[in-house]
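I set out to record, entry by entry, what I looked up in this structure.

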Amino acid sequence: MTEVNFPGARRSDMYVEIEERSEPAAVATEALEEPADPFVEPDEVKAAPAQAPMKDAFPAAKAKTVEPAAKPDRDDEDAEPVAPAKDGFNGFLNQLFGGLFKLAPSAKELAEREMTAAQGRFEDLIRQSTWTRAVGVLVANKKGTAGKTPASILLGGVLAAIRGGSVAILETSDDKGQLAYRAEGDPQLGMGELVANISNVRTQSQLRGYTVTQTSFASVIGSTPKWRPPLTRENVLDVASIVDEHFTIRVMDTGNQYSSGPFGAAVEVADVLVIPTMLAQDAVSEALELLEFLEHQGADAARLARTAIVVMMSDGRPEFKASKLKKQFMDKGIAEDHIYSVPYDSHIAERGALTLDKLAPATRQALTAIAAGVVAQTNQNVFEKDQNR
């Protein structure tokens, strides 16, 4: 096995393991990151009524390398010809001579084409998936500074940007968290005020008075700089109920106490679990403890644990070897194709307000792949959950 740097990442921050190859074509793999390939296989997903078809939503191959498209066999009439090069020296010659030459694309250009095609499939899945009720995404890890709040804002932002809005990102921690601080804007009203006035909130216009709209079109309900009373289980259930009347997707940024009422309520109204973690043993250990906790909280919570999606993030600090941390999740029962990586991104590491347009292209691509994986698993979990009721 050979390790190569993730595109856009610093040498010391993120590595992706690929199969060692001798062909020159293997160079194309450097244009792709590991997060782009872990997905639910099409034949493993049960299509729910009124949902987007899952077949062909993902790349058929799960290999960690991407080969350049093979030249079509002249005897195979069904083979799709490879379009001539548009970039690089070959592309320059093709354009210079007005199409007289049809030089083949380089391995790098083929890899970029495959990446573009994959991103298109991910976006189609995110945009076209529908449900007959609102769905909840639980973002959780007992460890503080494990990346829960950035993951909530960025994942919710990608979903909203692709779907055209209708995504609410909620602070469901017992005490005031950092959601509003890491989001764009300065809220005049937030979670504390919404909880206090929940009985008077009936319309979408009234509810939006407690949100801050992001440039991604996601709506964040965090806390104002003022102190707010700790949330209760009933508070979280009431807010989730009113949010579900006016938004399609609810992303919940949770606290660090599993035994608390707010966390239990968030688990109750969740359809899929996302576990962010830094590449550090303490963060991974806390994440594994979360999985064990959920396994003993009933069928729905156990399903969240069994189908959890892990997002391994990098903030530039010294890190544990990613492959060893990944193996710990796999030993716990998490499927390999449910474990994603996000490369180091200076915009995230700054620990300020997060804006999608300020992310590096490789980070945005990784987040789109993760969002597609979350939607695919949501489709399956919602179908199973609702069928059993």
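**Notebook: loops, sheet and surface**

I began with R351, which I located in the loop between α12 (346-349) and α13. The model is a predicted one, and I read every value below as computed from it. For R351 I found a positive phi of about 60°, although the residue is not a glycine. I then asked how accessible R351 is; its relative accessibility is 44%, so it counts as partly exposed.

I looked up T145 next, which has a positive phi of about 55° and is likewise not a glycine. I placed T145 in the loop between β3 and α3 (148-163). Its relative accessible area is 54%, and because exposed means over 50%, T145 is classed as exposed.

**Whole chain**

I counted 13 helices and ten strands in the protein chain. The chain has 389 residues, and 51% of them count as buried. I noted an accessible surface of about 18,000 Å², with 51% of it belonging to carbon and sulfur atoms. I also checked the contacts between residues at least 6 apart in sequence: 77% of these join residues at least 24 apart.

**The sheet**

In what order do the strands of the open sheet lie? I read the order as β5-β6-β4-β7-β3-β8-β9-β10, eight strands with mixed pairing. I found β5 (212-213) and β10 (339-341) at the edges; each has a single partner strand, so one side of each is left without a neighbour in the sheet. I kept in mind that strands of a sheet pair through backbone hydrogen bonds, either parallel or antiparallel.

I followed the pairings from β3 onwards. β3 and β8 run parallel and are joined by three bridges; V137 has V272 of β8 as its bridge partner. β8 and β9 also run parallel, with five bridges between them, and I275 stands opposite V310 in β9. Strand β9 (residues 309-313) pairs with β10 in the parallel sense over three bridges.

**Cover of β8**

How many of the residues of β8 are buried? I found seven of its seven. I recalled that in a regular strand the side chains alternate between the two faces of the sheet. On one side of β8 I listed V272, V274, P276 and M278, on the other L273, I275 and T277, and all are buried, which leaves both faces covered. I also noted helix α13 (residues 361-387), which lies across β3 (135-139), β8 (272-278), β9 and β10 and runs at about 150° to β8.

**R250 in β7**

I looked up R250 in strand β7 (residues 249-253). Is R250 buried or exposed? Its relative accessibility is 3%, so R250 counts as buried. Leaving aside neighbours within four places in sequence, I found R250 in contact with V135, G136, V137, A168, L170, A240, V243, D244 and V269. One of these, V137, is the residue whose bridge partner in β8 is V272.

**A surface patch**

L96, F97, L100 and F101 make a nonpolar patch of about 420 Å². I placed F101 in the loop between α1 (88-96) and α2 (107-128). With a relative accessible area of 37%, F101 is partly exposed.

Definitions and conventions. Residues numbered from 1 in each chain as written. Predicted model: local features only at pLDDT ≥ 70, side-chain atom pairs only at ≥ 80, totals over all residues. Heavy atoms only, no water. Pairing = 2+ DSSP bridges. Helix = DSSP H or I, 4+ residues; strand = E, 2+ residues; numbered from the N terminus. Contact = heavy atoms within 4.5 Å. Axes fitted to C-alpha atoms, helices over the stretch in contact; angles between N-to-C directions. Patch = residues over 30% accessible without salt bridge, like charges linked within 9 Å, V, L, I, M, F, W, Y side chains within 5 Å. Areas by Shrake-Rupley, 256 points an atom, 1.4 Å probe, with all protein chains shown as cover. Salt bridge = Lys/Arg side-chain N within 4 Å of Asp/Glu carboxyl O. Buried < 20%, exposed > 50% of the residue type's maximum accessible area, 1.4 Å probe, protein only.
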